[in-house]
Each structure stands twice: as structure tokens, then as C-alpha cells.
Amino acid sequence: MLKYIIRLDDACPYMKKAKWNRIEELLDKYNIKPIVGIIPKCEDEEFKKNPYIKDFWTKYALNWQNKKWIIAQHGLNHKLSKDVRTEFENISYSEQLRILEKGYKILKDNNITPVCFFAPNHTFDDNTIKALVELNNIKFISDGYAIYPYRYKKMLFFPSVFDTPHKILPFGVWTFVYHPNNMEEKDFKYLEDFIKKNKANFNFNLDFIIDKYDNRKRSILDWMVKKLIFIFRKVRKKDEK
């Protein structure tokens, strides 16, 4: 099996409408249903520099849900800074449970039902996973390193290895992460060109994938991929200095 999934991060009432409209039009053009991460109560000061979208929940969030996009709870408030880089990591289980419950309730109060979770800045720990399992309202986490989805600590993970789409291997379930607020012309063009060449691989049935990999454990090959990614990122970071 070779499947590609697009993930869109940082949807909220302070998102950049023009860029989000463009990515939505592009994905609709090819009938692609992405994972879209919605920040329940955005308090990110950088995002709040953008105009507030009064009808975000009805015009955007509810519309995406009605189109069968995969809705994800993207933390709670995304209140990150140079000094604070996580909402979850190294925070007590009880506090994480409270944060997750609050975020989920905000989404539900706006008629949005998330089936996925991913944390701001990819930072979470076993307490996050334990709390999500306890709440029992999320089907999977979009994060981790592997070739196919896998189960860890009673939670199913859909790995997200790269931001930009790449042909990595002729098999696997690969999630490519985009931040529409930061996308430029070249990013939209690259994505559309990749979709045109690989359109068949973007068609997938979420429930089928969940059932197929529900009890899968990570393999040696998965751990090799994780190690290679860490090496690649370390080298890239060194080259950027």
C-alpha cells in the first residue's frame, strides 16, 4: 500500500484567509480530504496580528467537516513563544487531561467533532497519550516516525515524517504537513505538481486504514526510518548555520 495524506496546521479565527482559501480550492480541485488541525482557543500572539474571522466556525470549520475533511484537535491555545515551546510536554497528567478536555469541549460547542489530535510544535509525552486514551474521543494522533500507522501506549499513530511531499518509498502511509499561513507561491505550485503526478495515492479510506493497522507495532524498518530522519535533520540544521 502507498498512500499520501495532506495535513494542514494552525486553522483558527486568526488564520490568513487568502492562503487558506487557496489551499482549500486546490485540494477540492483534486477531491483530496486532508487532516486539518483546528486550534480550539487561539492565544498565539503571532497569529493574533492577523484580522479576526468572525464566521470562522461556520464558514470554515463546519464547512470542512461537512466536506468530510479529517478534523484534528490542535492542542488548546497554541500559546508558544521563544521561551515556551510546548503546551503538553513535562506537564502533569491531571493538567494535560484538563487542557485536552477544555479544547475538545470548545470544538464540540462549535459543532465540530475531532477524530485526530496533534500537539503544537510536535511536543507531547506519555502523559498526553495516557490522557487521550482516558478521554476516549480521539481515534489517532498525527505524529511519530514510521512507514505505516502503528499503535503505542494504546493509541494509534499516523506518522508524519516530512513537510514537503516526496516520493520516499514505493510503499507506506505518509503524511505531509503544511502550514497554509506560511505558504508561498512556489509551495502551492510544488504541491499541485506533486498531486498531478501522484493523484491516485491521495485517495484513501480512513476507516479502512485505521482497521488495517489498528494493532500494528513498529518494525525494525520503522526504527531505521526514524534514525535516518534524525540524522538528516541534524545535518540540515548544521548546513543552515
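Q: Which residue has a side chain that meets the side chain of Glu-95 in a salt bridge?
A: The model is predicted, so local features need pLDDT of at least 70 and side-chain atom pairs count only at pLDDT 80 or more, while totals for chains, interfaces and linings use all residues. Residues are numbered from 1 along each chain as its sequence is written, and side-chain values use heavy atoms, with hydrogens and water left out. A salt bridge is a side-chain nitrogen of Lys or Arg within 4 Å of a carboxyl oxygen of Asp or Glu. At 2.7 Å, N to O, the partner of Glu-95 is Arg-98.

Q: In which helix do Glu-95 and Arg-98 both lie?
A: Helices (H or I, at least four residues) and strands (E, at least two) are DSSP runs, numbered from the N terminus. Glu-95 and Arg-98 are three residues apart, about one turn of the helix. The helix that holds both, residues 93-109, is α3.

Q: Is Arg-98 buried, partly exposed or exposed?
A: Buried means under 20% relative accessible area, exposed means over 50%, and partly exposed is in between (1.4 Å probe, protein chains only). Because Arg-98 has 40% relative accessibility, it counts as partly exposed.

Q: How many residues apart in sequence are the parts that Arg-151 and Asp-214 tie together?
A: The side chains of Arg-151 and Asp-214 meet in a salt bridge of 2.5 Å, N to O. Arg-151 lies in strand β6 and Asp-214 in the loop between α6 (206-212) and α7, so the pair ties together parts whose separation in residues is 63.

Q: Which element gives the most residues to the lining of the largest pocket?
A: A pocket is found on a 1 Å grid over the protein atoms alone, as an open set of points where a 1.4 Å probe fits, with protein on both sides within 12 Å along at least five of seven lines; lining residues have an atom within 4 Å of a point. The largest pocket is lined by 50 residues, with Arg-7, Pro-120, Asn-121, His-122 and His-179 nearest its centre. With eight residues, the element that gives the most is α7.

Q: What is the volume of the second largest pocket?
A: Grid points are joined across faces, edges and corners, and a volume is the space filled by probe spheres set on the points. The largest pocket holds about 1200 Å³. The second largest pocket is lined by 15 residues, and Lys-33, Lys-68, Trp-69, Ile-70 and Leu-206 lie nearest its centre. The volume of this second pocket is about 320 Å³.

Q: Is Lys-154 buried or exposed?
A: Lys-154 lies in the loop between β6 and β7 (155-158). Its C-alpha atom is separated by 39 Å from that of Lys-49, 105 residues apart along the chain. Because its relative accessible area is 68%, Lys-154 is exposed.
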